[in-house]
Amino acid sequence: MIISEVVESDNGSKKYLLSASDSDLRKSVESTFFKHTEQHLPYLCISSQYGCAVGCVFCETGRQKPLGNMTTEQIVQQVLLCREHLLNSGSLGDNQELNTILFAGMGEPMLNLKEISGAVTEFKSQSLANRVTLTSVGIRHTADKLYDLPLDTISISLHATTDEQRDMLIPSKAKFSTKDLLEYFAAYHQNTGVPVIVNYLMLEGINDSQEDLARLKDLVDKDTFIIKLKYLNEVSSIDGIILNPSEEMPAFAKALTEAGFRCISDKSDGTEILGGCGQLKSQIRDIRSKYRIM
Ligand code: SF4
């Protein structure tokens with residue numbers, strides 16, 4: 001892997017473009033670093049596939065042609081190269097260490113668990129971060145392999161309260177149904193003790209009605225899961241589907257908290273460098289030159 005380009009936001013978030021080789025730039029991924037703030041410790045969001053076949057409508061990666069899995073070696077190199085750049089630029093603060101490596105960049109991690117497993121072993125043996133976490137839409141045929149992965153947290157992308165809504169937002173047939181997703185990960189949590197976060201991307205007119213709120217409360221077990229309400233970042237439009245961020249997030253958060261749910265509201269950093277959730281697309285060059293540092 002080589003770092004082809006780096007951009008940095010005004011608040012110190014960094015986005016890296018990494019390519020498998022300098023002779024084939026089509027196989028490129030992006031990784032994003034978020035520095036220590038009052039809300040979180042420093043973490044690196046990394047990729048696991050070149051493009052993604054899942055095709056979520058709220059994600060730029062899903063609009064790219066899938067070009068295959070990253071290997072264990074490429075995933076580890078991605079972290080080592082970013083970490084070296086962060087250390088050299090003094091971005092890791094006094095501790096000089098990443099708190100978390102998060103598989104939530106380009107690609108669906110559960111479609112590449114073998115290579116990810118090898119990479120996580122390396123992260124642990126080289127002490128590259130204190131914690132390793134993963135975000136997934138939940139893939140049925142590979143789910144049992146998750147038990148072999150020493151994760152500190154896992155996030156599952158629910159984003160909907162009916163299968164109809166979820167099929168529109170996440171078109172892949174390989175994913176769990178809404179009910180099966182929550183049942184599978186409730187059992188996973190019981191068996192492993194790993195905390196499971198349910199991500200719910202709030203979209204105006206799609207999943208933010210009072211009926212959705214009632215169904216969300218019924219579907220999600222408050223003793224098992226933490227709910228993370230997520231704000232939609234700007235992504236390019238997609239045929240026939242209009243996506244806007246919902247203004248109902250504070251009302252949902254209040255209602256869920258009052259009902260006894262553990263609930264977090266989340267707005268991404270790094271959106272000005274197109275490094276927020278759903279914005280990665282291995283095409284860093286369209287970002288205004290103001291942010292480019294390499
Ligand atoms: S959100 Fe994740 S699974 Fe969905 S298209 Fe983007 S990278 Fe793939």
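**View 1. Lys175 is a buried residue, with a relative accessibility of 7%.** Buried stands for under 20% relative accessible area, exposed for over 50%, and partly exposed for values in between (1.4 Å probe, protein chains only). The model is predicted: local features need pLDDT of at least 70, side-chain atom pairs count only at pLDDT 80 or more, and totals for chains, interfaces and linings use all residues. Residues are numbered from 1 along each chain as its sequence is written, and side-chain values use heavy atoms, with hydrogens and water left out. Lys175 forms a salt bridge with Asp167. The closest N and O atoms of this pair are 2.8 Å apart. A salt bridge here is a side-chain nitrogen of Lys or Arg within 4 Å of a carboxyl oxygen of Asp or Glu. Asp167 is partly exposed, at 43% relative accessible area. The whole structure holds eight salt bridges.

**View 2. Glu30 and Lys15 join two strands through a salt bridge.** Their side chains meet at 3.1 Å, N to O. Glu30 sits in strand 3 (residues 24–34) and Lys15 in strand 2 (residues 14–21). Strands (E, at least two residues) and helices (H or I, at least four) are DSSP runs, numbered from the N terminus. Both partners are covered: Glu30 is buried at 0% relative accessibility, and Lys15 is buried at 2% relative accessible area. Side chains of opposite charge can pair when their charged atoms come close.

**View 3. Strand 2 pairs with strand 1 and with strand 3.** Strands count as paired if DSSP finds at least two bridges between them. Strand 1 (residues 2–8) and strand 2 run antiparallel, joined by six bridges. Ile3 has Leu18 of strand 2 as its bridge partner. These two strands form a hairpin with five residues between them. Gly12, in that turn, has a positive phi of about 95°. Strands 2 and 3 are also antiparallel, over seven bridges. Tyr16 stands opposite Ser31 of strand 3. This second hairpin has two residues between its strands. Strand 2 is mostly covered, with six of its eight residues buried.

**View 4. Strand 9 runs parallel to strand 8 and to strand 10.** Six of the seven residues of strand 9 are buried. Seven bridges join strand 8 to strand 9, and Val198 has Ile227 of strand 9 as its bridge partner. The chain passes from strand 8 through helix 5 to strand 9 in a right-handed β-α-β crossover. Right-handed applies if, with the strands pointing away from the viewer, the path from the first strand over the helix to the second runs clockwise. Five bridges join strand 9 to strand 10. Ile226 stands opposite Arg262 of strand 10. Asp266 and Lys230 meet in a salt bridge, 3.1 Å from N to O. This pair ties strand 10 (Asp266) to strand 9 (Lys230), across 36 residues of chain. Lys230 is buried at 11% relative accessibility.

**View 5. Helix 6 (residues 249–258) has five named buried residues: Met249, Phe252, Ala253, Ala255 and Leu256.** An α-helix has 3.6 residues a turn, so residues three or four places apart point the same way. The cover over the buried residues of helix 6 includes strand 8 (196–202), helix 5 (210–219), strand 9 (225–231) and strand 10 (262–266). Gly260 follows helix 6 and has a positive phi, near 95°.

**View 6. Two loop residues, Thr161 and Gly205.** Thr161 lies in the loop between strand 7 (153–157) and helix 3 (163–169). Thr161 is buried, at 7% relative accessible area. Leaving aside neighbours within four places in sequence, Thr161 contacts Tyr200, Asp212, Arg215, Leu216 and Leu219. Contact means heavy atoms within 4.5 Å. Asn207 is 46 residues from Thr161 along the chain, yet their C-alpha atoms are separated by 7.2 Å. Gly205 lies in the loop between strand 8 and helix 5. Gly205 is exposed, at 70% relative accessibility. Gly205 and Ser246 are 41 residues apart in sequence and 7.7 Å apart from C-alpha to C-alpha.

**View 7. The shell around the ligand.** The ligand is surrounded by Cys52, Val54, Gly55, Cys56, Phe58, Cys59, Gly62, Gly105, Gly107 and Glu108. A residue is near the molecule if one of its heavy atoms lies within 4 Å of it. The shell divides into five nonpolar residues, four polar and one charged. Nonpolar covers Ala, Val, Leu, Ile, Met, Phe, Trp, Tyr, Cys and Pro; charged covers Asp, Glu, Lys and Arg; the others, Gly among them, are polar.
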